Amino acid sequence: MKVERERRYALMLAAKDSEYVKKVYGGYFNVFVAAFGEEGERWDLFRVVDGEFPEMSELQDYDGFVVSGSPYDAYGNDHWIIKLCFLLQTLDAMEKKVLGICFGHQVLCRALGGKVGKACTGWDIGLRKVNIVNDLSPFSFLDDLDEIPAALSIIECHQDEVWEVPLGAQVIAFSDKTGVEMFTIGGHVLGIQGHPEYTNDILSNLIDRLLNNNSIELGFAENARFGLQKAEPDRKCWEKICRNFLKDRSIIKLNL
């Protein structure tokens, strides 16, 4: 009888756990595994923001990697960010699956030759409708794109953005706020500007913290909270897209 090898994934956490997320969810690692993980898989945590990285000799043992969001700038020159860029270049050369979320989306772009910087329209916080590009090259994780709604709502929280995607990358989603909401390279790299893993309560707490440290103004915060009260993100659909990318499965049969 053939025994299937245990699938192994790594979360490269680029942010410190907030007190709220630690109290309610036990940390961001649990949030990500709940969103993207499946039974029978092994998920390892590397706090890259604290300088924890996988050994180069172990990279081949992983089926995929996820790079989280972060309060840091993806275009910064902190030692750990430079080291992360080098690691992402290595994973790209190995054609390993890499999913970048928010900061992860931006730092992937930077590492592979694109350009990132401050968003010319400022902060984007709250629910955002993301439009899927119609005329796409075929990708295993986005087969039969007609099965996916033309637009999906996602939670956003960023003031930086991708200015220019790397050579060979394809933009697969955009919004009225951000020109590059999703991009992919060769079917093994996927960047998503929004937060598929976030719940409304996580964002609500983050809005409180941004308001308390004067990163955003009260009126802006109230508008963002109001948007969360009116609608919910399409989390299940985003989770399916991310899982099927990491697991290299087609989404033809998803009942969205």
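**Exercise 1. Work out what share of the contacts in the protein chain between residues at least 6 apart in sequence join residues at least 24 apart.**

Step 1. Start with the term: a contact means heavy atoms within 4.5 Å.

Step 2. Keep the contacts between residues at least 6 apart in sequence; 75% of them join residues at least 24 apart.

Step 3. Now a word on what you're looking at. This is a predicted model, where local features need pLDDT of at least 70, side-chain atom pairs count only at pLDDT 80 or more, and totals for chains, interfaces and linings use all residues. Residues are numbered from 1 along each chain as its sequence is written, and side-chain values use heavy atoms, with hydrogens and water left out.

**Exercise 2. Find how many helices and strands the protein chain has, and what percentage of its residues is buried.**

Step 1. Helices (H or I, at least four residues) and strands (E, at least two) are DSSP runs, numbered from the N terminus. The chain comes to seven helices and 11 strands.

Step 2. Of the 256 residues in the chain, 55% are buried.

**Exercise 3. Which residues of helix α2 are buried, and how are they placed around its axis?**

Step 1. Helix α2 covers residues 28-36, and its buried residues are Tyr28, Val31, Phe32, Ala35 and Phe36.

Step 2. Look down the axis of α2: the buried residues fall within an arc of 105°, so they line one face of the helix. The arc is that of the directions from the helix axis to the C-beta atoms.

Step 3. Here's the general idea: an α-helix has 3.6 residues a turn, so residues three or four places apart point the same way.

**Exercise 4. Phe36 turns up in the largest nonpolar core; find how many residues that core has.**

Step 1. A nonpolar core is a set of buried Ala, Val, Leu, Ile, Met, Phe, Trp, Tyr and Cys residues joined through side-chain atoms within 4.5 Å.

Step 2. The largest one has 44 residues, and Phe36, Val66, Leu99, Ile125, Ile192 and Leu203 have the most contacts inside it.

Step 3. There's also a second, separate core of 33 residues, which includes Met12, Phe53, Val67 and Leu91.

Step 4. Back to Phe36: leaving out residues up to four places away in sequence, its contacts include Trp43, Val66, Leu99 and Leu246.

**Exercise 5. Describe how the rings of Tyr72 and Trp80 pair.**

Step 1. Rings of Phe, Tyr and Trp (its six-membered ring) pair if their centres lie within 6.5 Å; planes under 30 degrees apart count as stacked, over 60 as edge-to-face and the rest as tilted. A search of the whole structure finds six such aromatic pairs.

Step 2. Tyr72 and Trp80 are 5.3 Å apart centre to centre, with 90° between the planes, and the pair is edge-to-face.

Step 3. Tyr72 is partly exposed at 35% relative accessible area, while Trp80 is buried at 8%.

Step 4. Elsewhere, ring pairs link Phe46, Tyr62 and Phe65 into a cluster.

**Exercise 6. Which side chains make polar contacts with the side chain of Asp44?**

Step 1. The side chain of Asp44 makes one with the side chain of Tyr62 at 2.7 Å, and another with that of Arg8 at 2.9 Å.

Step 2. Ala10 is 34 residues away from Asp44 along the chain, yet their C-alpha atoms are separated by 4.7 Å.

**Exercise 7. Is Gln193 buried or exposed, and which side chain does its own side chain join in a polar contact?**

Step 1. Gln193 lies in the loop between β11 (189-192) and α5 (200-212).

Step 2. With 0% relative accessibility, Gln193 counts as buried.

Step 3. The side chain of Gln193 is joined to that of Gln106 by a polar contact of 3.1 Å.

Notes
Buried means under 20% relative accessible area, exposed over 50%, partly exposed in between (1.4 Å probe, protein chains only). A polar contact is a pair of N or O atoms within 3.5 Å; within protein, one must be able to donate a hydrogen and the other to accept it, and residues adjacent in sequence count only if both atoms are side-chain atoms.
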